[in-house]
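Please keep the sequence and the 3D view at hand while reading.

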Amino acid sequence: MHCPYCRSTDTKVIDSRVADDGGSIRRRRSCPACEKRFTTVELMQLTVLKRSGASEPFTRDKAIAGVRKACKGRPVTDAQLACLGQEVEDALRLTGAAEVKSHEVGLAILGPLQRLDEVAYLRFASVYRSFDSADDFIAEIAAMHADALAVGRAAAPQPTG
């Protein structure tokens, strides 16, 4: 690790702590050459295993790019997409695995996207789940409707007798 002050390569770690989210380590370092101290943060590298068998680093921007296509023409802001990307990354990191399958990335996107915009969700799900016909859309909409009713029943006050 290079010292940011004098560029010396001989720095020493004097303290290490796991960050709150568990996905990074904060290190306090000292430079013997200039005697200054500085902090570094090491992030856990999250990789995605693609269907082809290749691995690549997870990038939030790539996940958001796929969702952005589904959101075209919808009232979804860049800030909302950024929050969705953060939520997806957080969910993947919470699994504790250093490598996730691309299928798991898609699954992690579906829930937050459905809460954000149902039309964009249907567009994304139709590609992700390879819908073949209108019946696939009808089945997905029926499942969404059933979920909404179940949530509504759970939230509705119970009659007192």
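Two strands pair if DSSP finds at least two bridges between them. Strands (E, at least two residues) and helices (H or I, at least four residues) are DSSP runs, numbered from the N terminus. The model is a predicted one, in which local features need pLDDT of at least 70 and side-chain atom pairs count only at pLDDT 80 or more, while totals for chains, interfaces and linings use all residues. Residues are numbered from 1 along each chain as its sequence is written, and side-chain values use heavy atoms, with hydrogens and water left out.

An open sheet of three strands, with the order 5-4-6, shows mixed pairing. Strand 5 (55-57) and strand 6 (99-101) stand at the edges with a single partner strand each, so one side of each has no neighbour in the sheet. From one strand to the next, the twist averages 30°. Strand 4 (residues 47-49) pairs with strand 5 in the antiparallel sense over three bridges; here Leu-49 has Ser-55 in strand 5 as its bridge partner.

Strand 1 (residues 12-18) is joined to strand 2 (residues 24-30) by six bridges in the antiparallel sense, and Lys-12 stands opposite Ser-30 in strand 2. Strand 2 also pairs with strand 3 (residues 37-43), again antiparallel, over seven bridges. Arg-28 has Thr-39 in strand 3 as its bridge partner. Six residues lie between strand 2 and strand 3 in a hairpin, and Glu-35 in the turn has a positive phi of about 65°.

A salt bridge, meaning a side-chain nitrogen of Lys or Arg within 4 Å of a carboxyl oxygen of Asp or Glu, joins the side chains of Arg-29 and Glu-42 at 3.7 Å, N to O. This pair links distant parts of the chain, with Arg-29 in strand 2 and Glu-42 in strand 3, 13 residues apart. The count comes to twelve salt bridges.

How do the helices pack? Two packed helices are described by the angle between their axes and the distance between the axes. Axes are lines fitted to C-alpha atoms, for helices over the stretch in contact, and angles run from 0 to 180 degrees between N-to-C directions. Helix 3 (residues 102-116) and helix 4 (residues 118-128) pack at about 160°, with axes 7 Å apart. They are therefore roughly antiparallel to each other, a term for angles over 145 degrees. Contact, meaning heavy atoms within 4.5 Å, involves residues including Leu-110 of helix 3 and Phe-124 of helix 4.

Notes
Angles under 35 degrees count as roughly parallel, over 145 as roughly antiparallel, 65 to 115 as roughly perpendicular and the rest as oblique.
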